[in-house]
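Good morning, and thank you for coming.

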Amino acid sequence: MSPETQGRRTPGADLPDHPDRLWRSAEPKRAYDVVIVGGGGHGLATAYYLAKNHGITNVAVLERGWLAGGNMARNTTIIRSNYLWDESAGIYEHALKLWEGLEEDLGYPLLFSQRGVLNLAHSLQDVRDSVRRVNANRLNGVDAEWLTPEQVKEVCPIVDISPGVRYPVLGGTYQPRAGIAKHDYVAWGYAKAAADLGVDMIEHCEVTGLDVRDGRVTGVQTTRGPIAAGKVALAAAGHSSVVAGYAGVSLPLQSHPLQALVSELLEPVHPTVVMSNAVHVYVSQAHKGELVMGAGIDAANSYRQRGAFHIIERQMSAALELFPVFARAHVLRTWGGVVDVTPDASPVVGLTPVEDLYVNCGWGTGGFKATPGVGWCYAHTVATGEPHPLNAPFSLDRFTTGKLVDEHGAAAVAH
Amino acid sequence: MLLIPCPWCGPRDEAEFHYGGQAHVAYPEDPAALSDEEWARYLFFRDNPKGLFAERWSHTAGCRRWFNAVRDTATNEIHAVYRAGEPRPVIA
């Protein structure tokens with residue numbers, strides 16, 4: 001949907017109603033072929049592709065709270081695939097291609113809006129890195145353009161490109177196919193489609209232990225009793241270290257709070273998504289009209305879904321630097337989620353030292369955009385016992401071999 | 001924002017501090033003797049408990065000294081602060 005068309009609609013007018021019951025909240029059975037730990041976007045997408053692509057339907061998704069109430073409910077919904085390295089381009093672009101057909105595939109509206117993403121450059125080094133990333137993207141078949149400050153202004157008229165500011169905009173990369181989707185609808189769409197194929201959604205069921213016998217996982221202990229499992233697939237985001245620890249598996253993760261916030265509902269003023277690593281903010285305008293902003297993680301490890309206020313303060317000053325027009329907007333809500341960060345800002349997806357136990361974690365601040373892609377590849381990994389070619393580079397052993405996928409440049413604060 | 005009791009300066013806002021991650025991670029005595037697995041563990045793997053965690057802080061906007069704290073990552077409560085080189089206190 002083009003920004004022009006959008007400007008003429010009442011904000012929120014196209015939000016569809018949804019049916020009362022999208023999935024059955026199931027009682028746990030005694031055993032499943034596959035138990036997925038974590039009912040967020042990744043867990044639900046994995047369940048869906050296990051059923052759809054691999055015919056494995058005796059699957060339970062265990063969620064300690066309510067479905068998609070963790071980071072899936074707390075992200076800033078940005079979707080893009082303009083990462084630097086081939087490995088990342090592979091999995092994120094696979095995800096973006098799936099996003100482009102996902103509403104049809106799931107038969108559910110997701111408000112997927114390819115309004116583009118701008119990644120701004122504020123220093124000569126930023127410019128060099130950005131142009132390099134544009135070239136790398138193009139070689140990988142990812143749409144990318146380098147824009148001058150004037151072209152940035154054309155795409156997003158409210159960005160201040162005057163040269164006198166503290167961090168002047170020297171240009172930006174632009175990925176036109178990037179955009180946003182409505183995160184809750186994405187979760188509900190996957191949950192409904194997976195449940196229709198026979199997957200059990202089990203809410204308020206926290207995993208408290210993993211049963212390991214002779215180096216092989218055989219089931220899970222939960223707050224709703226033990227459940228036997230042929231295979232266990234972890235998708236627990238910020239709590240991955242805790243859950244994997246039940247099987248004695250160490251992961252190179254640190255859990256941190258990550259905050260976001262929204263303004264009150266405003267008329268459409270912001271036609272795209274703008275991210276800036278240097279001044280630490282990323283902003284889009286949701287369909288209803290809120291400005292949605294995210295920033296960086298709190299420095300200290302924490303499992304509290306709540307961050308420090310000075311992070312918000314810096315984020316607001318960064319936003320005002322770029323968008324002076326926001327000066328009269330108000331913060332309506334702020335919130336936090338717990339994200340699991342890896343040393344190279346790339347995820348860990350694949351096998352573990354424990355047989356039949358699989359791990360998907362380490363997406364840090366940027367897991368939402370990957371939801372369809374990782375669900376697809378992780379389901380393949382779990383179903384076949386072999387890493388999908390697109391997630392093979394993200395195996396746990398890269399920290400031993402040294403073949404890291406360093407995406408701090410393309411991820412950084414603005415994942 | 002955390003209120004962090006610097007062992008030298010007293011309680012100050014978190015914004016005055018720099019975080020240093022897990023405490024008591026010693027540099028290997030003979031790095032060349034490590035296997036790839038051991039080296040990976042030293043470089044990339046740190047504890048990530050939901051609960052008590054011994055961690056380093058530097059009071060960068062104050063006395064500029066490093067110290068350690070034991071904080072509960074589930075509640076953010078700081079149970080103890082102690083000087084670098086001192087053993088981790090036992091928290092009941």
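Predicted model: local features only at pLDDT ≥ 70, side-chain atom pairs only at ≥ 80, totals over all residues.

Residues are numbered from 1 along each chain as its sequence is written, chains are lettered from A and ligands numbered from 1 in the order in which they are written, and side-chain values use heavy atoms, leaving out hydrogens and water.

Rings of Phe, Tyr and Trp (its six-membered ring) pair if their centres lie within 6.5 Å; planes under 30 degrees apart count as stacked, over 60 as edge-to-face and the rest as tilted. By this rule there are 18 aromatic pairs over all chains. One of them is the tilted pair of Tyr185(A) and Trp188(A), 5.4 Å centre to centre with 35° between the planes.

Tyr185(A) is also buried, at a relative accessible area of 7%; buried means under 20%, exposed over 50% and partly exposed in between, with a 1.4 Å probe and protein chains only. Over the face of Tyr185(A) lies Lys182(A), 5.5 Å from the ring centre. A charge sits over a ring if NZ of Lys or CZ of Arg is within 6 Å of the ring centre and within 35 degrees of the ring normal. In chain B, Arg46(B) lies over the face of Tyr42(B), at 5.7 Å from the ring centre.

Finally, ring pairs link Tyr48(A), Tyr49(A), Tyr190(A) and Trp376(A) into a cluster.
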